[in-house]
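Student: Please take me through this model, one question at a time.

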Amino acid sequence: MQEVEGQRERSFFLTFMTVVSCVAVVILHANSVFWTFSYERVWLTANVLESVFYFAVPVFFMISGATLLDYRERYDTKTYAWKRIKKTVIPFLVWSVVALVIQLLRENYTFDRVTVYTVVDTIINSRHWGIYWFFMPLFGAYLMIPVISLIPKQQRKSIFPYIIAVGYLINELIPSINRLFGSVIPVNGELTFPISSGYLLYLFVGYYIYNYQVAPWLRKIIYVLGVVGLAVHIGGTWYYSYQAGEIVTLLKGYMNVPCALYSTAIFLFFRHVNFARWNSRVKAILNYLSTETFGVYLTHMFVITGLTAVFKVSWDSFINRTLGAVAVFLTITVVCKQLKKVPLFRLVLP
């Protein structure tokens, strides 16, 4: 019985992280004023919001690692592939076409030449709807998961820390130091660690944190490094941008060390929260919200764009960028619940 309760608590941890990460994404996109630099207070608050909620994308990949690397225990690879296509590829293509039509009608996007190539290129590279950039690295991770899943489960506890440590060192730490301080560490660009390059690293991090215990002393170190990473992200971006008079992205990037440390610390911290003590109504609400997070991601920019264009909503307001973003998330969740009662919408709002 205790083992069953522990498994439920772990599963609810992923539910909680899914909801929190989705809310964070909506706040990030409502906070687009960050990308228009100024010396005014609005940019200072935007910089803080941008940095605090920057964990969203890495955590989404961590959740994918935690939930999908053991897919062979539930179904075969053919079923895995079809589930990914039905759940992500088809909705991505449909909503990309919807976004393209809207952008063409608004004349925010035009083609030099209308050909099959230019249309496909626009959709694949999200030239018309920038937030969909996320799908290409996600699809790349999905393609890699069947390979990673072949690592025997009994070997993962020992080999995954090696993959994570070398990945952080070679793919993130050294490049970040050289980017920040110049080429102070001599390194050959051909030296890479492909298995945990890019967003793949977060698959291993998510799986390990979800399935295994991290030693208390190591947790404390990771928490401290996470706080340092957040502080560096906020303070460094403020300092360099103020000096340059424009946005300086030197410390930004989901594969940059500040983000990696902070995101890992966030995921690890909530993994050790005792959700069993949470109020059952709160847990029920979060379970309700978690079922529509992908639909929220697919559609929230349509809502934010519509509120801006039609109702002249100003996202300079701190309230709108925070509570307003949460309201957008909640509203879309309820709408998606209702739309999915129609079979056609279930195909595009999985």
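## Pockets, a bend and a core

Student: How does the lining of the largest pocket divide by class into nonpolar, polar and charged residues?
Tutor: This is a predicted model: local features need pLDDT of at least 70, side-chain atom pairs count only at pLDDT 80 or more, and totals for chains, interfaces and linings use all residues. A pocket is an open set of points on a 1 Å grid over the protein atoms alone, where a 1.4 Å probe fits, with protein on both sides within 12 Å along at least five of seven lines; lining residues have an atom within 4 Å of a point. Ala, Val, Leu, Ile, Met, Phe, Trp, Tyr, Cys and Pro count as nonpolar, Asp, Glu, Lys and Arg as charged, the others as polar. The lining has 12 nonpolar, eight polar and six charged residues.

Student: How much space lies in the largest pocket?
Tutor: Volume is the space filled by probe spheres set on grid points, which are joined across faces, edges and corners. For the largest pocket, that comes to about 850 Å³.

Student: Which residues are closest to the centre of the largest pocket?
Tutor: Residues are numbered from 1 along each chain as its sequence is written, and side-chain values use heavy atoms, leaving out hydrogens and water. The lining of the largest pocket holds 26 residues. Closest to the centre are Ile-63, Thr-67, Arg-84, Lys-87 and Tyr-142.

Student: Where does helix 12 bend?
Tutor: A bend is the angle between axes fitted to the seven residues ending at a residue and the seven starting there. In helix 12 this angle is about 45°. The bend sits at Thr-299.

Student: Is Ser-64 buried or exposed?
Tutor: Ser-64 belongs to helix 3. Buried means under 20% relative accessible area, exposed over 50% (1.4 Å probe, protein chains only). Ser-64 has 11% relative accessibility, so this residue counts as buried.

Methods:
Helix = DSSP H or I, 4+ residues; strand = E, 2+ residues; numbered from the N terminus.
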